[in-house]
Protein chains: 2
Amino acid sequence: MPSTPIHPMPPFTKQVDLASGIIHDPHRVQTRRLSDLRGLFHAADAEAALASDDPLVYRVYDAHDAPNAAGQLLFSTTVIEPGRIGDEYFMTKGHYHAKEDRAELYYGLQGEGCLLMQTRDGDVNVQWMRSGSAAYVPPYWGHRTVNTGTEPFVFLAVFPADAGYDYGSIRERGFASRIVAGEDGPRIVPNPSYRGG
Amino acid sequence: MPSTPIHPMPPFTKQVDLASGIIHDPHRVQTRRLSDLRGLFHAADAEAALASDDPLVYRVYDAHDAPNAAGQLLFSTTVIEPGRIGDEYFMTKGHYHAKEDRAELYYGLQGEGCLLMQTRDGDVNVQWMRSGSAAYVPPYWGHRTVNTGTEPFVFLAVFPADAGYDYGSIRERGFASRIVAGEDGPRIVPNPSYRGG
């Protein structure tokens, strides 16, 4: 058993605004407009959208900055705006954890959408989320979130502070599947530009 | 970087009922009536209450059972009923983590209450919670939750799967402080029967 530090980290509370999902007094806010997400959506559709507008796609509110240590946790809220580029719904960049055996928990606060997940071996998994949905990203699953609704999709994310981010794998190879608007709602389709394996 | 397992753990979603806080299809439900909590409240007050009734104090809904490994997370909801034994509000047993450097995140869903925390060196900290409050239990803080309101106090808890529980320290020595009903609402007072240090 480790001995108690002389000055343990003090407890704190961050209040989440229930209507907007915004964390009051966040450590950091990351804002992602379409121009920050080159390569994420189909290029021609993204260029067409950018020619008329540079829409806000999502914001991440990081609550605090914990020591990069096993046992510490980080948490954030994400607000994904409703919208599409071509037939593809607004979504986050997505990442694997740098420490791939680190899990993550998502808890839906507002709106609806999904967690799109994949392993490096080509398994794909989609978990549909709404308010009150607690979706578990087990170790080794790359993950991205998608707003398939008409309102902002807002969720709380909790993850080990030492998980880290590997965005490069997704940026270089993409996701094996895309979530697109069909006539009867969202559909999961293969991504033809996925360079997987 | 660890290699991806051939059969990674599958993702899943558990739905939290927003009105009641109950997790559908939980791994486990722990029900704590007053008779399960001997020694928690002042003995004479508890005996008087037990003579007339054995009230439900709280329930814990454990969502799933993850491997006991660094990087995995567990989550649960807790529903603490409103009520008091003498002047002391209904509360959970409270514990330190067996791995004391493991943190925990609480997210308030319904009602109001507080997280009562202490270190083994006698520091005490109280975080007041309501719907949307994300309260962080840093490593090394023993923690208990208290319903100071008139409705059920419901919250989501997320913690490392390898944190473990040390209930014995609290059972043997108690908490340094108590949360009691005063004329103007809840008060934090010393616990005369605390055998601390």
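**Strands within chain B, and where chain A comes in**

Strands here are DSSP runs (E, at least two residues), numbered from the N terminus, and two strands count as paired if DSSP finds at least two bridges between them. One spot to look at is B:Asp62, which stands opposite B:Ser76 in E4(B).

Before going on, note that this is a predicted model, in which local features need pLDDT of at least 70, side-chain atom pairs count only at pLDDT 80 or more, and totals for chains, interfaces and linings use all residues. Residues are numbered from 1 along each chain as its sequence is written, while chains are lettered from A and ligands numbered from 1 in the order in which they are written.

Back to E3(B), which covers residues 56–62. This strand also runs antiparallel to E2 (residues 28–33) of chain B, with six bridges joining the two. Here B:Arg32 has B:Tyr58 in E3(B) as its bridge partner.

Now for the other chain. Chain A and chain B each put 50 residues into their contact, with residues counted as touching if their C-beta atoms, placed from the backbone, lie within 7 Å. On the chain B side, several strands supply at least two residues each, including E4 and E12 (153–160). E10(B) gives the largest share, five residues.

Strand pairing crosses between the chains too: E10 of chain A (residues 133–137) and E1(B) pair in the antiparallel sense over four bridges. Within that pairing, A:Ala134 stands opposite B:Lys14.

Definitions and conventions
Two residues are in contact if their C-beta atoms, placed from the backbone, lie within 7 Å.
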